[in-house]
Amino acid sequence: MSVDLGVRRGRLALDNPIVTASGCFASGQEIDRFIDVDRIGAVVVKSLTRAPREGLPTPRMVETPSGMLNAIGLQNPGVDAWLAEDLPWLADRGATTIASIAGDSVDDFVHVARRLRGSRVDAIEVNLSCPNVEHRGLVFALDPRASAEVIQGVARVADVPVLAKLSADASDVVAVARAVVEAGASGLTLINTVLGMAIDPVSGRIQLANGYGGLSGPAIRPIAVRVVHQVHTALPEVPIVGCGGVRSVEDVVQFLRAGATAVAVGTGTFVDPFAAATLRDGLAAWLERHGHASAAALVGTAVPRRAAP
Amino acid sequence: MSGRLRAGQVEGRTDRDGPLRVGAEVVARRRTGPYAVLTLAAGPVAQRARPGQFVEVAVDAPGTLLRRPLSVARAALTGSGVGTIDLVVGAEGAGSAWLGGVAAHDVIDLIGPLGRPFPLPVRPASCMLVGGGYGAAPMHYLAEVLAAAGHRVDLIVGAATEEQLLRSMEAKRAATSLQFTTDDGSAGARGRVTDVMAAVATRGSTDVVYACGPNAMLAAVSGVAASLGLPVRVSIEERMACGVGVCFTCVVPVRGRDGVVHHRRSCIDGPVLDGARVDWDAMGLASAAGGASGAATAPSGGDVVGDGDTGDLPGAAPGGAA
């Protein structure tokens, strides 16, 4: 028996549900030393900004229990250099490519999205976990209206589906999800890293040069599964890319059952550069072993405890 | 890890150069001072490794997630396609404690070799090798490789105390001269490795300096090398999550040929970099010769080590291992 790994919901259609999380796969070429990147459902690249960015000083990372904090500062070559140097390689390799974009203002996001028009990009993911310089540095993703403004601007100029990447730091993530879908988002990526901090107890020194950083890894997985479930319950027609602490095939299945159409592996690739390919093959084997004909059939099949057979 | 590796199991692109994932069996384990030295049957990784490269080792300590980057301290081929590598494990942290506690026949999941190795001289050269703490391990390995290729090796090994001095019989044999320094004078000369560099350079007519150790030491060594007019290659250490070029946590500020400082990933553009191009000031480290201004006068050494490109690297060029 061969199982069908293909998934499709709304405007999101992938050969298999395993994608990479932005910022965890660089430009794709680094991991091609280990696996064939075209075997992944989609490569989501590191966030692109209007101009090149060198990012923050070090230390940029600290390991925490079952996770890690990072504060990189969106180091990237800028959208123009990426279009000229990195995208052709991904497209020639046959990779489905999702360009993550970031900015400090609505205008920044729209500028980058406009540069991607007519390129070989298959979709755009909007990284809304950026400070909005025009609104006292308030992170877009925390505010439904600011998030909707960005998505509306991007969706207006984009010629491919637009995914909005949201944050569990928002007080009401379902409200943000509704706002961005109304503004034109074709899908949602849930969730970005969770804001955190670590302090050296002896020296009192804050571990990251930036002070605060994004927590990723298995430590945040239950939060991500909860958010996917909440948003899927509220907006069942909207395709969701579940993201947060995926390490095993069982984690992937959890996200699918919570309502994700695709599942991103992020920090998992740091630990195991083969992870995306291993999870793709492992998912096929798992589905077959448990008698499921397709990955798509599992989406949103979580049942309340008392109703479980 | 999805699935444990068997001893000798190899995953990855065996058909081309580059890093592989292997199940490496522990064949020997010994203690030297506060360090543990592991000898692992690393198969093709031993064959592919060069001095200056590192491996990423999976650890199984509670609550830890990330692999640990460790310099290859020695590679020995025991047959075609088989061989061992040595890793020197430091004394601090949960990962090191776990690694220090592994037993013979345990299988370690490692990925490597990673990073750019030390560039070797392109003509017969006199090489000064400077190692600090357990950073001396790759210097021992480099000493053997350089001596085997017919180069002169003057080795300087420093540590805080005699107990922390890393010693190697193989390196001692390979080196023309060996000088120890300790901060407290308990062995060798009292003081820092940089205190003896000028005398060693005069005695050995040094052409090029190689160094590995704590970043503060590398900054100081780069400064002294610049003041002596010597090219210097350093193996740098920065907190690293992935080791394979995708997380961007391990960056180092490096001045490019354009004079502009860029953040380079020490895992993929390094860990070996031109010490004269590293912006030690930006890292909060003083370079004895005046940091970037002093470094600007230091020679790149491209005529000696044949890679004037170190420190002026392409943005994303994950090349082969060696």
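Modeller: A nonpolar core is a set of buried Ala, Val, Leu, Ile, Met, Phe, Trp, Tyr and Cys residues joined through C-beta atoms within 7 Å, where buried means 20 or more other C-beta atoms within 10 Å of a residue's own, against 12 or fewer for exposed and partly exposed in between, with C-beta atoms placed from the backbone. This is a predicted model, in which local features need pLDDT of at least 70 and side-chain atom pairs count only at pLDDT 80 or more, while totals for chains, interfaces and linings use all residues. Residues are numbered from 1 along each chain as its sequence is written, and chains are lettered from A and ligands numbered from 1 in the order in which they are written.

Biologist: Which residues of the largest nonpolar core touch the most other members?

Modeller: The core has 211 residues, and those touching the most other members are A:Ile124, A:Val126, A:Ile151, A:Val154, A:Leu166, B:Leu129 and B:Val221. Leaving aside neighbours within four places in sequence, A:Leu166 is in contact (C-beta atoms, placed from the backbone, within 7 Å) with residues including A:Leu128, A:Ala141, A:Val173, A:Leu188 and A:Ile191.

Biologist: How do you know whether A:Ala158 is buried or exposed?

Modeller: A:Ala158 has 23 other C-beta atoms within 10 Å, and is therefore buried. Its place is in the loop between helix H4 (144-157) and strand E11 (162-166) of chain A, helices (H or I, at least four residues) and strands (E, at least two) being DSSP runs numbered from the N terminus. Beyond four places in sequence, A:Ala158 is in contact with A:Ala113 and A:Ile124.

Biologist: What makes H7(A) roughly perpendicular to H9(A)?

Modeller: The axes, lines fitted to C-alpha atoms over the stretch in contact, with angles from 0 to 180 degrees between N-to-C directions, come within 9 Å and cross at roughly 70°. H7(A) is therefore roughly perpendicular to H9(A), since 65 to 115 degrees counts as such, under 35 as roughly parallel, over 145 as roughly antiparallel and the rest as oblique. A:Val249, A:Val252 and A:Val253 of H7(A) make this contact with A:Leu279, A:Gly282, A:Leu283 and A:Trp286 of H9(A).

Biologist: How many residues of chain B are in contact with chain A?

Modeller: In chain B, 31 residues are in contact with 36 residues of chain A. Those of chain B divide into 15 nonpolar, 10 polar and 6 charged, with Ala, Val, Leu, Ile, Met, Phe, Trp, Tyr, Cys and Pro counted as nonpolar, Asp, Glu, Lys and Arg as charged, and the others, Gly among them, as polar. Chain B has 8 helices and 16 strands, and 58% of its 322 residues are buried.

Definitions and conventions:
Contact = placed C-beta atoms within 7 Å.
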